[in-house]
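Please open the model in your viewer and keep the selection tool at hand.

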Amino acid sequence: MRNSLIAKATVAVLGAALLAGCSSSSDSTPKAEDTGPVSLTYWAWAPGLDKVVDIWNKKNPNIKVTVKKQASGDDLVTKIITASKAHKAPDLVQAEFQVLPTLVSNDVLADISSEAGSAKSEFAAGVWQQVTLGSDALYAIPQDTGPLMFYYRQDLFKKYGLSVPKTWDDFAATARALKKKDSKKSLTTFSSGDPGLFAGLAQQAGAKWWTTSGDKWNVGIDDAASKKVADFWGGLVKEGAIDNQPMYTPAWNKALNTGTQIAWVSAVWAPGVLTTAAPDTKGKWAMAPLPQWSAGENKTGSWGGSTTGITTDSKHKAAAAKFATWLNTDPEAVAALVKNGGIYPAATTAQTGSALSTAPEFFSNQPTFYTDAAAIAKTTAAGAWGPNVNVAYSAFKDAFGKAAQNKTDFTSALDSMDSTTVADLKKQGFTVG
């Protein structure tokens, strides 16, 4: 999300909506209109949602939901904030995890803890924390998530006598060992165009990029955990142990398809990318847990994922919360989301449900793919987002892009990212501690 038009929010709004856990949603008692025939509008971008909603509408004639397809990312953030300020927002909106603080601080999302708080048991703790923003409030129901994992070419690891790394020290040693065996190959690449991946790696290491204290925001993008991650990847790039080119380019696709790059740190949705990026390697990859910072640890970060939020403008919050909970926890609904939208559900039971009983075709050689993925997803560390993730991500691309290209210090790039984020918060009118 990159959106220079995000409306300014005041500390007063934060105090009421974020820190105290009570947005301008109405009282928690269901209103009369929520028990009678109501119509709800849902702004979303995920493919196939209309087919899932059809299931709901057939079973719930008194609560009709209409999906209004939207652009994703910044466009939707801008549109929903603008609509909310004019009191014309829809009842429900699909929102990525990292934009929730922006929407809350702009008073777009209602606190639905009274209406849907019982859904907590359906999700991993680290996932649920991201929709509560660390408070007693609840601003959305998790829909899909992207736990990080380690993907590698089984055949080439065997050819070069490499072991799947269990720690990041193992990872670095593996990268160096491969270079010694074949200087033309790289274990992986550091991509300065993907701040979401770096954020997930920092999350695994224990980073808390945005936190609150009283009515203040604290920015810790340059905290010790993040610096550890930056130093690690920067060191590998500087010594040439890994590549330093961006992902999702024709050159990157070719490197994967020809085996010039033999591993990839990515999320659970990686099989879909590999299917198109490296079609000649089908059946040659395997997935394993992300390397750990200390032997014996069991944590991962996340890259991607979205939620279903109810707006403060909705006059039918109880009905909307009932639908949002069904959409993201009911077995039939989630199975339809997987089938029609290709998502990886955030609900833990759905991750081992019938919809994911068969491994992705690209990973047919690993029949336990989704069973393994579900175990990894449960270890997702808590995330910490703020109201200007867009600015932080833009700063990452600029600072880390230069550092990766020139093979210079990544820690300095992290410091630049931190200072840019702080300056923007102050410019928006937030109090920064």
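Select Leu-109 to begin: this residue is buried, with a relative accessible area of 0%. Buried here means under 20% relative accessible area, exposed over 50%, and partly exposed in between, with a 1.4 Å probe and protein chains only. Leu-109 sits in the loop between helix 4 and helix 5. Helices are DSSP runs of H or I with at least four residues, strands are runs of E with at least two, and both are numbered from the N terminus.

A note before moving on: the model is predicted, so local features need pLDDT of at least 70 and side-chain atom pairs count only at pLDDT 80 or more, while totals for chains, interfaces and linings use all residues. Residues are numbered from 1 along each chain as its sequence is written, and side-chain values use heavy atoms, without hydrogens and water.

**Helix 6**

Next, select residues 125-132. This is helix 6, and six of its eight residues are buried, so the helix is largely enclosed by the rest of the structure. Colour the buried ones: Gly-126, Val-127, Trp-128, Gln-130, Val-131 and Thr-132. What do they pack against? Show helix 4 (100-105), helix 5 (113-116), strand 4, helix 9 and strand 9, where contact means heavy atoms within 4.5 Å.

**The largest pocket**

Rolling a probe the size of a water molecule over the atoms shows where empty space is left. On a 1 Å grid over the protein atoms alone, a cavity is a set of points where a 1.4 Å probe fits but cannot get out, whereas a pocket is an open set with protein on both sides within 12 Å along at least five of seven lines; lining residues have an atom within 4 Å of a point. Points are joined across faces, edges and corners, and a volume is the space filled by probe spheres set on them.

The largest pocket holds about 830 Å³ of space. To centre your view there, select Trp-45, Glu-96, Gln-98, Gly-304 and Gly-305, the closest to its centre of the 32 lining residues. Then show strand 3 (92-96), strand 4 (141-153), helix 9 (195-205), strand 9 (302-310) and helix 16 (389-406), each of which gives two or more residues to this lining. Strand 9 has the largest share, with five residues.

**The largest cavity**

How many cavities of 30 Å³ or more are there? The count is five, and the largest has a volume of about 90 Å³. Select Thr-189, Phe-190, Ser-191, Leu-197 and Trp-233, which lie nearest its centre among 13 lining residues. Helix 9 and strand 7 (263-267) each supply at least two residues of the lining, and helix 9 gives the most, with three.

**Zooming out**

Finally, show everything: 17 helices and nine strands. The C-alpha atoms fill a box of roughly 70 × 50 × 40 Å along the principal axes. Of the 433 residues, 59% are buried. Among contacts between residues at least 6 apart in sequence, 77% join residues at least 24 apart.
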